[in-house]
Amino acid sequence: MYLTRNVPIFVCTLAYPTVPCPLHVFEPRYRLMIRRSIETGTKQFGMCVQDPQNGFADYGCMLFIRNLDYLPDGRSVVDTIGLKRFRVIRRGMKDGYCTADIEDLEDIKVKDEGEMRKLQELHNIVYNQACSWFQSLRNKFHSQILQYFGPMPEKEENLQETADGPAWCWWLLAVLPVDPKYQLSVLSMKSLRERLIKIQAILTYFSRDQSK
């Protein structure tokens, strides 16, 4: 079951499809929200980053609760993983926490064979660049990323198999130390080509930085 109406929204950080998102929940409104997600059996809620104008951003990611540990003082540690991206259509409120009506955000498929070949080439170049960047990190950062997000996903054969494109792109976006506004702009893109170009620009910038 996938929610689209009155979806509970956790306003906190950026989350991405297929990427783990561990949360530490202490606010009473979010404790209530998580409890309801479990009790209703959906085990789902939306995650959006804060927005000064509208309360929360127009784009976010659905999260699925894999595990929930209650601490003695009522706080909880919630192990979630990203499901799929969405666009906010309407905003609401319920018992102190935000809600939204949402629609799926899906990549536009490339149909032309020539375009597909170019996309595959670009994908392979950026994937190799991503692997090099990750391997070049100092051990401390390397271990922290692995502990928090797990290993970088393998390269996928079919780039257009899922609505959100290759999983490694999202994993990389989650671990790269860039401005959340930039990350949000990439999350909202419906073109894999544009997403790869943005990621390539970030990687090139960091590689230059490391070589100084």
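This is a predicted model: local features need pLDDT of at least 70, side-chain atom pairs count only at pLDDT 80 or more; totals for chains, interfaces and linings use all residues.
Reader: Are H2 and H4 parallel, perpendicular or oblique to each other?

Author: Their axes come within 11 Å and cross at roughly 40°. H2 passes H4 in a left-handed crossing. Angles under 35 degrees count as roughly parallel, and 65 to 115 as roughly perpendicular. The angle of H2 and H4 therefore makes them oblique.

Reader: Is H4 roughly parallel or antiparallel to H5?

Author: H5 spans residues 180–187. H4 and H5 pack at an angle of about 165°, with axes 10 Å apart. Over 145 degrees counts as roughly antiparallel. So H4 and H5 are roughly antiparallel.

Reader: What residues of H5 does H4 meet, and in what crossing does H4 pass H5?

Author: H4 brings Trp 170, Leu 173 and Ala 174. In H5 they meet Gln 183, Val 186 and Leu 187. By class, that contact has five nonpolar, one polar and no charged residues. H4 passes H5 in a crossing that is left-handed.

Reader: Which strands do bridges join to E7?

Author: E7 covers residues 76–94. Strand E2, residues 20–25, has six bridges to E7. Strand E6, residues 59–70, has ten bridges to E7, and strand E8, residues 97–104, has eight. Each of these pairs runs antiparallel, and the strands joined to E7 are E2, E6 and E8.

Reader: Which residues stand opposite Ile 81 and Val 77 in E7?

Author: Take E2 and E6 in turn. E2 runs antiparallel to E7, and Pro 20 stands opposite Ile 81. E6 also runs antiparallel to E7, and the residue opposite Val 77 is Asp 69.

Reader: Which residue in the turn between E6 and E7 has a positive phi?

Author: E6 and E7 form a hairpin. Five residues lie between the two strands. The phi is about 100°, and the residue is Gly 74.

Reader: What residue has a positive phi in the turn between E7 and E8?

Author: E7 and E8 form a hairpin with two residues between them. Across the pair, Met 93 has Cys 98 in E8 as its bridge partner. In the turn, the residue with a positive phi, about 50°, is Asp 95.

Reader: What is the bridge partner of Gln 44 in E6?

Author: Strand E3 covers residues 44–48. Four bridges join E3 to E6, and the two run antiparallel. The partner of Gln 44 is Phe 64.

Reader: What is the radius of gyration of the chain?

Author: The chain has six helices and eight strands. Its C-alpha atoms fill a box of roughly 50 × 40 × 30 Å along the principal axes. The globule rule gives 17 Å for 212 residues, and the chain's value is close to that, so it is as compact as a globular protein of that length: 18 Å.

Key
Residues are numbered from 1 along each chain as its sequence is written. Side-chain values use heavy atoms; hydrogens and water are left out. Axes are lines fitted to C-alpha atoms, for helices over the stretch in contact, and angles run from 0 to 180 degrees between N-to-C directions. A crossing is left-handed if the near helix is turned anticlockwise from the far one by less than a right angle, and right-handed if clockwise. Contact means heavy atoms within 4.5 Å. Ala, Val, Leu, Ile, Met, Phe, Trp, Tyr, Cys and Pro count as nonpolar, Asp, Glu, Lys and Arg as charged, and the others, Gly among them, as polar. Two strands pair if DSSP finds at least two bridges between them. The radius of gyration is taken over C-alpha atoms; the globule rule is 2.2 Å times the number of residues to the power 0.38.
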